[in-house]
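Please keep the sequence and the model in view while reading.

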Amino acid sequence: MTTTSTTTGPAKKGPATRFGSRQQLQQILAFAGLVVIFAFFSFASPYFLDWANVKGILLATAVTGIMALGATFVIATGGIDLSVGTGMTLCSVMTGVFLANLGLPLVVGVLGGLAIGALIGLLNGLNVSYLRLPPFIATLAMMMVAQGLSLVISGTKPIYFSDVGGFDQLAAGELIPGLPNAVLIFFAAAAIAGVTLSKTLTGRYALSIGSNEEATAISGVDVRRWKVVIYTVAGLFTGLAGVVMASRLNSAQPGLGLGYELEAIAAVVIGGTSLRGGKATILGTVIGALIMATLTNGLRIMSIPQEWQKVAVGIVIVLAVYADILRRGKEA
C-alpha cells in the first residue's frame with residue numbers, strides 16, 4: 001500500500017517535508033496504539049487471539065476500512081462525507097434488487113452496486129461544487145435520502161441472496177486458505193487508493209484543494225470539476241463496501257448503516273489525515289480502521305454492554321479529532 005507525503009498546493013511547497021515527517025510520526029503512533037490495544041485485549045480475554053475471532057476483526061475492518069478509504073479522499077479536500085454508512089446500505093439493497101429480484105448476472109449486479117455508489121458520490125459532488133452547499137449539509141441530506149430509499153426499495157425487509165450462486169463467496173470465500181476474500185478485497189482497494197492518492201491528478205488535486213483551494217483555483221485547476229470527480233471516486237468505495245457487506249451477510253439489510261460513517265471518519269483521522277484537509281495517508285487509514293474494529297471486537301468479547309461500547313468509540317473519536325487539532329497547531 002502506498003502512502004503520500006503531504007502536498008500543500010501550488011502556493012506552498014516549503015513545509016511539505018516537515019508535514020510529511022509529522023504524518024509519518026502519526027502513522028507510527030497509530031500503529032503503536034493498535035499494538036497496545038491488541039496486547040491489552042489478548043491479556044484480558046483468552047478468546048481474543050483465537051483465529052476465528054481474529055478473522056472476525058479482519059472482516060469487520062474490511063467493510064469499515066473500504067468506506068474509510070473513500071472518505072480519505074473527501075476529507076483530504078477539507079470536506080466531510082456523512083453519507084457513507086447509509087450509502088453503503090443503499091448499495092447493498094440495490095445489489096439485492098439487481099441480483100435477487102431481477103435475476104441479473106453476478107458481474108452485472110456487482111457492477112450495478114458499484115455504480116449506485118458512484119452515483120451517490122456524484123450527487124454529493126454536484127451539491128457541494130455547483131450548488132455550493134456545505135459538505136456537512138450536502139452529505140447529511142444524502143445520508144437521510146439513502147436511508148429512506150433503502151427502506152422504501154426493500155419494503156423494510158431484508159433481501160436474501162440464497163438463490164444467487166457464488167455471491168456469498170465474494171466475501172466469505174478464501175482464495176488464500178484461512179483469509180476471507182473480503183480482507184483481500186480491502187487490501188487490494190487500499191493499494192489502489194494509495195496509488196490514486198499519491199500518483200494521480202485526483203489525489204494530487206484533492207490534497208491541493210484541501211491545503212489552499214483559492215490558490216489551486218488561481219493556478220488554473222477547475223476546482224469544482226475536480227471536487228465532483230473526487231466525491232465520485234469516494235462513492236465507488238462506498239459502493240464496494242456495500243457489495244462486500246451484502247456478500248458477507250448474504251443479505252441486504254435495509255436497517256443497517258447509521259453509525260458506520262462515524263467509525264469510517266474516525267479511522268481516517270486516527271490514521272493521520274487532517275479534518276482541515278491538505279494532508280492524507282492511506283496506510284494511516286488502514287491502521288485506523290484496524291484500531292476501530294479491534295476496539296469494538298475486544299469490548300464485545302469482554303462482554304462490555306453495547307451502550308458502553310458506543311461510549312468508548314465516542315471517546316476515541318474525540319481524542320482523534322483533538323490530536324488532529326494539536327497537530328495542526330504545531331504545524332502552524
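Arg225 and Asp222 form a salt bridge in this predicted model, with their closest N and O atoms 4.0 Å apart. A search of the whole structure finds three such salt bridges.

**Salt bridges**

- Arg225 counts as partly exposed because its relative accessibility is 43%. Asp222 is likewise partly exposed, with a relative accessible area of 38%.
- Lys55 and Glu174 meet through their side chains in a salt bridge of 3.3 Å, N to O. Lys55 lies in helix α2 and Glu174 in the loop between α6 (169-172) and α7 (181-199), so this pair ties together parts that are 119 residues apart in sequence.
- Lys55 has a relative accessible area of 21% and is therefore partly exposed; Glu174, at 37%, is also partly exposed.
- Glu213 forms a salt bridge with Lys227, and the closest N and O atoms are 3.2 Å apart. This pair links distant parts of the chain, with Glu213 in helix α9 (residues 213-218) and Lys227 in helix α10, 14 residues apart.
- Glu213 is partly exposed, with a relative accessible area of 35%, whereas Lys227 counts as buried at 13% relative accessibility.

**Aromatic rings**

- The count of aromatic pairs comes to seven. In one of them, the ring centres of Phe73 and Phe237 are 6.1 Å apart and the planes lie at 15°, so the pair is stacked.
- This pair links distant parts of the chain: Phe73 belongs to helix α2 (residues 51-76) and Phe237 to helix α10 (residues 223-249), 164 residues apart. Both Phe73 and Phe237 are buried.
- One aromatic cluster is formed by Phe38, Phe40, Phe41 and Phe48.

**A buried glutamine**

- Gln309 lies in helix α13 (residues 306-331). Gln309 is buried because its relative accessible area is 10%, and the cut-off for buried is under 20%.
- The side chain of Gln309 reaches the backbone oxygen of Ile304 at 2.9 Å. Apart from neighbours within four places in sequence, Gln309 is in contact with Thr296, Leu299, Arg300 and Ile304.

**A nonpolar surface patch**

- Leu119, Leu122, Leu123, Leu126 and Tyr130 make a nonpolar surface patch of about 400 Å².
- Leu123, one of these residues, is found in helix α4 (residues 106-129). Leu123 counts as partly exposed, at 38% relative accessibility.

Methods: Residues are numbered from 1 along each chain as its sequence is written. This is a predicted model: local features need pLDDT of at least 70, side-chain atom pairs count only at pLDDT 80 or more; totals for chains, interfaces and linings use all residues. Side-chain values use heavy atoms; hydrogens and water are left out. Patches are made of residues with over 30% relative accessible area and no salt bridge: like charges are joined within 9 Å, nonpolar side chains (Val, Leu, Ile, Met, Phe, Trp, Tyr) within 5 Å. Accessible areas come from the Shrake-Rupley method with a 1.4 Å probe; for residues, only the protein chains shown count as cover. Helices (H or I, at least four residues) and strands (E, at least two) are DSSP runs, numbered from the N terminus. Buried means under 20% relative accessible area, exposed over 50%, partly exposed in between (1.4 Å probe, protein chains only). A polar contact is a pair of N or O atoms within 3.5 Å; within protein, one must be able to donate a hydrogen and the other to accept it, and residues adjacent in sequence count only if both atoms are side-chain atoms. Contact means heavy atoms within 4.5 Å. Rings of Phe, Tyr and Trp (its six-membered ring) pair if their centres lie within 6.5 Å; planes under 30 degrees apart count as stacked, over 60 as edge-to-face and the rest as tilted.
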